[in-house]
Amino acid sequence: ESKSLQMWERWENSGNEVDSMINPNVVKALVGFKEYSDMRKLLCEVLSFTLLPEQIQGLRKEFEKYDQDGTGEITLSALKKVLIGNASTG
């Protein structure tokens, strides 16, 4: 178990009401972030500093349209459809 998870567990067991403060999906995403490739982490960092919160929210909504199984990933064929569809609209 990683040091960060051990610290989180100690904090959680100290009586703080984590469940009411943090969405479990957020916790899952943060834990999963450590598994990302270096390139994916870099891309996330760049996006976080260059997009406004409203832009990120809009991007997430668009992404979720194509993430049909809710895994946080889209297939190459779905990505191609999006890119081709957007290319025709300019």
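A pocket is an open set of grid points with protein on both sides within 12 Å along at least five of seven lines, and its lining residues have an atom within 4 Å of a point. The views below show a predicted model.

View 1. The protein chain has six helices and zero strands. Read from the N terminus, its elements run α-α-α-α-α-α. Of its 90 residues, 4% count as buried. The accessible surface comes to about 8,000 Å². Carbon and sulfur atoms hold 58% of that surface.

**View 2. The largest pocket has 32 lining residues.** Tyr36, Arg40, Arg60, Phe63 and Gly72 are the lining residues that lie nearest the pocket's centre.

**View 3. A nonpolar patch sits on the surface.** Met39, Leu42 and Val46 form this patch. Together, the three residues have about 300 Å² of accessible area.

**View 4. Met39 in close-up.** This residue of the patch lies in helix H4. Is Met39 buried or exposed? Met39 has a relative accessible area of 62%. Exposed means over 50%, so Met39 counts as exposed.

Note on methods:
Residues numbered from 1 in each chain as written. Predicted model: local features only at pLDDT ≥ 70, side-chain atom pairs only at ≥ 80, totals over all residues. Heavy atoms only, no water. 1 Å grid on protein atoms, 1.4 Å probe; cavity = no way out; pocket = protein on both sides within 12 Å on 5 of 7 lines; lining within 4 Å. Patch = residues over 30% accessible without salt bridge, like charges linked within 9 Å, V, L, I, M, F, W, Y side chains within 5 Å. Areas by Shrake-Rupley, 256 points an atom, 1.4 Å probe, with all protein chains shown as cover. Salt bridge = Lys/Arg side-chain N within 4 Å of Asp/Glu carboxyl O. Helix = DSSP H or I, 4+ residues; strand = E, 2+ residues; numbered from the N terminus. Buried < 20%, exposed > 50% of the residue type's maximum accessible area, 1.4 Å probe, protein only.
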